[in-house]
Amino acid sequence: MRKPFRKAKKFIHDLSLPLNEVRIDFSEMPTCVVLGIRNDISMKTNLFKRKKKSVDGLPPYGWFGRYASWEAAVAETSGYAQPTILQKTKEALCKVRDGKAVYERDSVLFSKKEYPFSIIASLLYIAAQQQNTLHVLDFGGSLGSTYFQVRDFLRPLKRLTWHIVEQSAYVDVGRQEFEDDQLKFFRTIEESMAHTGPHVILLSSVVQYLEDPHSFLSMLSTKDVPYLLFDRTAFVREGEDRLTIQRVPPEIYDASYPAWFLNEEAFLAHFSRYCVMADFSSYVVGESDLFIDGELAGYDKGFLFERR
């Protein structure tokens, strides 16, 4: 049973051919062996991709630098407010809304949905404390990426409202294309909270893209919301906060913008009014290890905070 697996594994690790020329006959192998081999090929392929270097010896895309100020980083980036980013995100989520695609993340469509089970479990836990109702304020939630990703698990709730707080251009498109009785769009946290008091504020891959994340986190902790839920938040492995620039691969969209890697201890210090109910790694494969200037220097992590 194990011999074909060992033989194929040895073949993979001794490859002298390009991976796209590898041919392995899976027809007589057990399913578990086939999955193991394919996973090994996938890991090796990802490893090769990660090691791809540009002319200056660094990867062409990812996170770079150590900037002294937000202004210095902005001067070298194109920014997030480009119309092309909004347009691509709109087109992708329209396909999800209309059932022509199953899942979108960062404007990219996927044929198979990836579920953020830590987020889903947290939201269901919160709803259980609120008589099976749930009011979510999704700060920086794009046009509903997380909402469309998790809504199937929230259908049994007696009542669900999902408010997205975003840039004005996103709010305009959101109200025109996606808003309904559950999903609403607002320009500020205060505007959303005046409409419906949230049980939880959700922030998924958001805080690190703010100009002054610590001022924002200090403000957030005073809102007296029962729960705060962070996902895919970037932290630095050693030292103080580090400001970088992120270059996005053009197959996603052609853009670059400033991006923080936060000191986790300094991040947690903002939430003395809360206790940590749970912490968890990113559900996105590869985000547990983030590279700056080609070196392992950061990681993505999430937290569920409960008001004391």
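**Burial, rings and cores: talking through the model**

Modeller: Of the protein's 308 residues, 48% count as buried. Bear in mind that this is a predicted model. As for the fold, there are 10 helices and 13 strands.

Colleague: Why is H199 called buried?

Modeller: Its relative accessible area is 11%, and the cut-off for buried is under 20%, so H199 is buried. H199 sits in the loop between α8 (189–195) and β7 (200–204).

Colleague: And what does H199 touch, leaving out residues up to four places away in sequence?

Modeller: I126, Q130, T133, L134, H135, V225, P226 and Y227.

Colleague: What makes H270 count as buried?

Modeller: Again it's the number: H270 has 16% relative accessibility, and under 20% is buried, so H270 qualifies. H270 is in a loop as well, the one between α10 (264–268) and β11 (274–281). With neighbours within four places in sequence set aside, its contacts are H214, L217, S218 and S221. M219 is 51 residues from H270 in sequence, with the two C-alpha atoms 9.2 Å apart.

Colleague: How do you know that F117 and F153 form an aromatic pair, and what makes it edge-to-face?

Modeller: The two ring centres are 5.9 Å apart and the planes are at 85°.

Colleague: What kind of pair do Y147 and F148 form?

Modeller: Edge-to-face as well, with 5.2 Å from centre to centre and 70° between the planes. Both Y147 and F148 are buried.

Colleague: What makes you say that α6 is mostly covered?

Modeller: Seven of the 10 residues of α6 are buried. They are S145, T146, Y147, F148, Q149, V150 and L154.

Colleague: How many aromatic pairs does a search of the whole structure find?

Modeller: It finds 21. Ring pairs also link F230, F235, F267, F271, Y299, F303 and F305 into a cluster.

Colleague: Why do you say R247 lies over the face of F64?

Modeller: R247 is 4.4 Å from the ring centre of F64, and the distance limit is within 6 Å. There's an angle condition too, within 35 degrees of the ring normal; R247 is listed as lying over the face of F64.

Colleague: Which residues have the most contacts inside the largest nonpolar core?

Modeller: L123, L134 and W162, in a core of 38 residues. There's a second, separate core of 31 residues, which includes W70, I189, V206 and F305. In soluble globular proteins, nonpolar side chains tend to be buried together.

Colleague: What is L123 in contact with, beyond its neighbours within four places in sequence?

Modeller: L134, V136, V150, L154, W162, V200 and L229. Across the whole protein, 73% of contacts between residues at least 6 apart in sequence join residues at least 24 apart.

Colleague: What makes the phi of Q131 worth a remark?

Modeller: Most residues other than glycine have a negative phi. Q131 is not a glycine, yet its phi is positive, about 55°. Q131 is in the loop between α5 and β4 (133–139), and it counts as exposed because its relative accessible area is 58%, over the 50% cut-off.

Colleague: And what about the phi and the place of R232?

Modeller: R232 has a positive phi of about 50°, and it isn't a glycine either. R232 is in strand β8 (residues 227–236). With a relative accessible area of 7%, under the 20% limit, R232 is therefore buried.

Conventions:
Residues are numbered from 1 along each chain as its sequence is written. This is a predicted model: local features need pLDDT of at least 70, side-chain atom pairs count only at pLDDT 80 or more; totals for chains, interfaces and linings use all residues. Side-chain values use heavy atoms; hydrogens and water are left out. Rings of Phe, Tyr and Trp (its six-membered ring) pair if their centres lie within 6.5 Å; planes under 30 degrees apart count as stacked, over 60 as edge-to-face and the rest as tilted. Buried means under 20% relative accessible area, exposed over 50%, partly exposed in between (1.4 Å probe, protein chains only). Helices (H or I, at least four residues) and strands (E, at least two) are DSSP runs, numbered from the N terminus. Contact means heavy atoms within 4.5 Å. A nonpolar core is a set of buried Ala, Val, Leu, Ile, Met, Phe, Trp, Tyr and Cys residues joined through side-chain atoms within 4.5 Å.
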